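Subject: Structure handover

Hi,

Here is the structure I promised to pass on. Have a look, and my notes follow below.

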Amino acid sequence: MSTLLLAGTGSRAQAADVKPSPQAPPAVVAPIAPPSPQAPPEKVDDAQKAAKAAALTPIVPSPTNPLHPAFQLYAEIDLPVLGVGLVFAGARLVRTQKAYCAPLCDPSGLNFIDRSTAGYWSTAWQNASNYGLVAVGAGAVTLLFADEGFLPGLNDAAVVAESALAGTAAASIMTLAAGRPRPFVYGTKAPEASRNSADADLSYLSNHAVVAFAIATSMFVTTHRLHPHSKAPWIVMGVGGALASFVAMARVLGGMHFISDSAGGAVVGVSLGMLVPSLHGSPVAIVPVTGQGAAGVALSARF
């Protein structure tokens, strides 16, 4: 791991390779404890080699520009998370059991809010929800690439994708465990083949709502990190939140989910959209520095 430190005081700035020391900022401290003064040099060297071999493998989007503040990804962490998320996303596809009350369920057991949408069925609104979700995802990727360039944008897009896949994993576990019939099973508007399908048993939570709100929220976190003093993050959140709300509403009007399904999906999506990006740091950090009569701030990068 190399560390580049750009320090500035007033109008002066300097760049230098910085070696870890007890006074160094946390971003540049070595991952092992300082050796004892009596430690044999060969053992110190062995410990440093072991620490280097055990270090995570960073995925650096711009090796020639390490100061770019894209999210820091690690091959040993982020790639498995994406893989597990994809597996959970496919969990719904292996469901073979139809709804317990198919082909027609009794709405009298529903709460009064969800009972108001029992029996809904509209392929037009279902298609609209699909188009809306694609628009949220495509818009997020396009914005990241336009703002950061391809490789840094790809790094941040991977974190946004992790938010969406983590949401899908959580929603899939809840959906398969709940086994709640979709609203269209509580009426006869939908074709009987649809009401007898395994998909008719996957109402709670709304995966569309989870993914849409996870993308919108993680895009807000990402944009706010890139442009902390700009109105852009709030514009992104406003547009993304509106699209996500449309997706959640369209799933209800299409008869695919109850109101509580979409509301719960929104809560899970927003929560993971905040959590997942917050767990990813940036290799760039601004830290205070002092020494020998000088004071200022430093821009520290690890790569």
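First, a term: a nonpolar core here is a set of buried Ala, Val, Leu, Ile, Met, Phe, Trp, Tyr and Cys residues joined through side-chain atoms within 4.5 Å, where buried means under 20% relative accessible area, exposed over 50% and partly exposed in between (1.4 Å probe, protein chains only).

Some housekeeping: this is a predicted model, so local features need pLDDT of at least 70 and side-chain atom pairs count only at pLDDT 80 or more, while totals for chains, interfaces and linings use all residues. Residues are numbered from 1 along each chain as its sequence is written, and side-chain values use heavy atoms, with hydrogens and water left out.

On to the cores. The largest one has 18 residues, and L144, V160, V211, A212, F213, I215 and M219 have the most contacts inside it. Two or more residues each come from α4 (123–148), α5 (150–178), α7 (207–226) and α8 (232–253), with α7 giving the largest share, 6 residues. (Helices are DSSP runs of H or I, at least four residues, and strands are runs of E, at least two, numbered from the N terminus.) Leaving out residues up to four places away in sequence, F213 touches G241, A244, S245, A248, A266, G269 and V270; contact means heavy atoms within 4.5 Å. There is also a second, separate core of 10 residues that includes L110, V185, Y186 and A190.

Next, the salt bridges (a side-chain nitrogen of Lys or Arg within 4 Å of a carboxyl oxygen of Asp or Glu). The structure holds 5 of them. In one, R95 pairs with D201, with the closest N and O atoms 2.4 Å apart. Those two sit 106 residues apart, R95 in the loop between α2 (75–89) and α3 (112–115) and D201 in the loop between α6 (192–195) and α7. D201 is buried, at 3% relative accessibility. Another joins D156 and R225 at 3.1 Å, N to O; D156 is in helix α5 and R225 in helix α7, so this pair ties together parts 69 residues apart in sequence. D156 is buried at 0%, whereas R225 is partly exposed at 25%.

Finally, confidence. The chain averages a pLDDT (the predictor's confidence in each residue, from 0 to 100) of 82, and 77% of the residues score at least 70. Where pLDDT is low, the predicted coordinates should not be read in detail.

Cheers
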